[in-house]
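I opened a new notebook page for this chain. I want to note what I look up, one entry at a time.

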Amino acid sequence: MSLNDAATLVIGNGNYLTAPTGTDIPSDLLAPASPWDNVGHTSLEDIFSITSEGGEATVIGSLQNKSLRTKYSARTETMTFTLQQFDVAGLKLYYGANAPILPDGSVGVPVEPTPTVCAFLVVFVDGENHFAFYAPKAEIYRADDVSFGDTESLAGLPLGVKPMAHGANNWTYAITPLGSVAATGATAGTPGSFTPSGSVAPGDITDLTTVTASPATAWTTGQYVVLGDATEAHWDGDSWESGRKV
């Protein structure tokens, strides 16, 4: 692994957002559009943390090899941050999605609380860099007890976010890498590849307008590249076209 100065992170600011379960990660992380909704002000000190449970290793052996392989139990992870808005939406994230609004406008604490289930996104900004955690499905609920410790700092609601597998996904949450560069070239193949090495594939066919095809002549039958949205495209000698070359 080579040194990559652009892959380091110093958090300048950030935002935490929710959306209906299954909502795709926004194409512009710095300006997420509806239905993504900002949860509000959060702590400057307790910015973000991830804890995990499980993942214990069990050594499995045979009569011939006592340490043949290692099996790991399932691991669950919890993201935590501190919300500093005590409005209705914030209180329902902390006390439960089923917290009732009473006749006088106050929020009741439910006897049997249920977590808020939604898509979750946190975006951290470091100058021109931005770094995100995205879960298409997560449960949000209180992570710790409320404590008002002094009169000089903002009080907070400690929240825990548990990412969960959504649909047929074999992953619970995604992390956007830092230091990556956009592809500037595409080499024909089955499938082909993008250049420079390690570059990020264009999101869809509309993003191929700035990518140079190699060779510049029409690709041969069956050749294509795979785009970021998992669709395929090929170069026909004049323009990018959807699917494989036929």
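**Entry 1: the whole chain**

I began with the surface: the chain exposes about 14,800 Å², and carbon and sulfur atoms supply 54% of that area. I keep in mind that this is a predicted model.

Next I looked up the secondary structure. I found 1 helix and 16 strands. The radius of gyration came out at 23 Å, well over the 18 Å that the globule rule gives for 246 residues, so the chain is more spread out than a compact globule. I also noted the box that the C-alpha atoms fill, roughly 70 × 60 × 35 Å along the principal axes.

How much of the chain is buried? I got 30% of the 246 residues. Then I turned to contacts between residues at least 6 apart in sequence: 55% of them join residues at least 24 apart.

**Entry 2: the cores**

Which residues touch the most other members of the largest nonpolar core? I found F81 and F120, in a core of 24 residues. I traced where the core comes from: β6 (75-83), α1 (88-95), β7 (116-126), β8 (129-142) and β9 (157-163) each supply at least two residues. Of the contributors, β8 gives the most, with 5 residues.

I then listed the contacts of F81, leaving aside neighbours within four places in sequence. F81 touches Y16, V39, T42, D46, I47, F120, L157, P158, L159 and V161. Apart from this core I found another, of 13 residues, including A188, V211, A213 and W240.

**Entry 3: F86 and V88**

I located F86 in the loop between β6 and α1. Is F86 buried, partly exposed or exposed? Its relative accessible area is 36%. Buried means under 20% and exposed means over 50%, so I put F86 down as partly exposed. Beyond four places in sequence, F86 touches L91, F148, A155, G156 and L157. I also checked F86 against R69, 17 residues apart along the chain. Their C-alpha atoms are separated by 50 Å.

V88 I found in helix α1. V88 is partly exposed too, at 38% relative accessibility. Its contacts, not counting residues up to four places away, are I101 and V107. I looked up V88 and G105 as well: they are 17 residues apart in sequence, and their C-alpha atoms are 9.1 Å apart.

**Entry 4: T176**

I found T176 in the loop between β10 (174-175) and β11 (185-187). What does its side chain reach? I traced it to the backbone nitrogen of A132, at 2.8 Å. A132 is also on the contact list of T176, together with I25, L29, H130 and F131, once residues up to four places away are set aside.

Terms used:
Residues are numbered from 1 along each chain as its sequence is written. This is a predicted model: local features need pLDDT of at least 70, side-chain atom pairs count only at pLDDT 80 or more; totals for chains, interfaces and linings use all residues. Side-chain values use heavy atoms; hydrogens and water are left out. Helices (H or I, at least four residues) and strands (E, at least two) are DSSP runs, numbered from the N terminus. A polar contact is a pair of N or O atoms within 3.5 Å; within protein, one must be able to donate a hydrogen and the other to accept it, and residues adjacent in sequence count only if both atoms are side-chain atoms. Contact means heavy atoms within 4.5 Å. A nonpolar core is a set of buried Ala, Val, Leu, Ile, Met, Phe, Trp, Tyr and Cys residues joined through side-chain atoms within 4.5 Å. Buried means under 20% relative accessible area, exposed over 50%, partly exposed in between (1.4 Å probe, protein chains only). The radius of gyration is taken over C-alpha atoms; the globule rule is 2.2 Å times the number of residues to the power 0.38. Accessible areas come from the Shrake-Rupley method with a 1.4 Å probe; for residues, only the protein chains shown count as cover.
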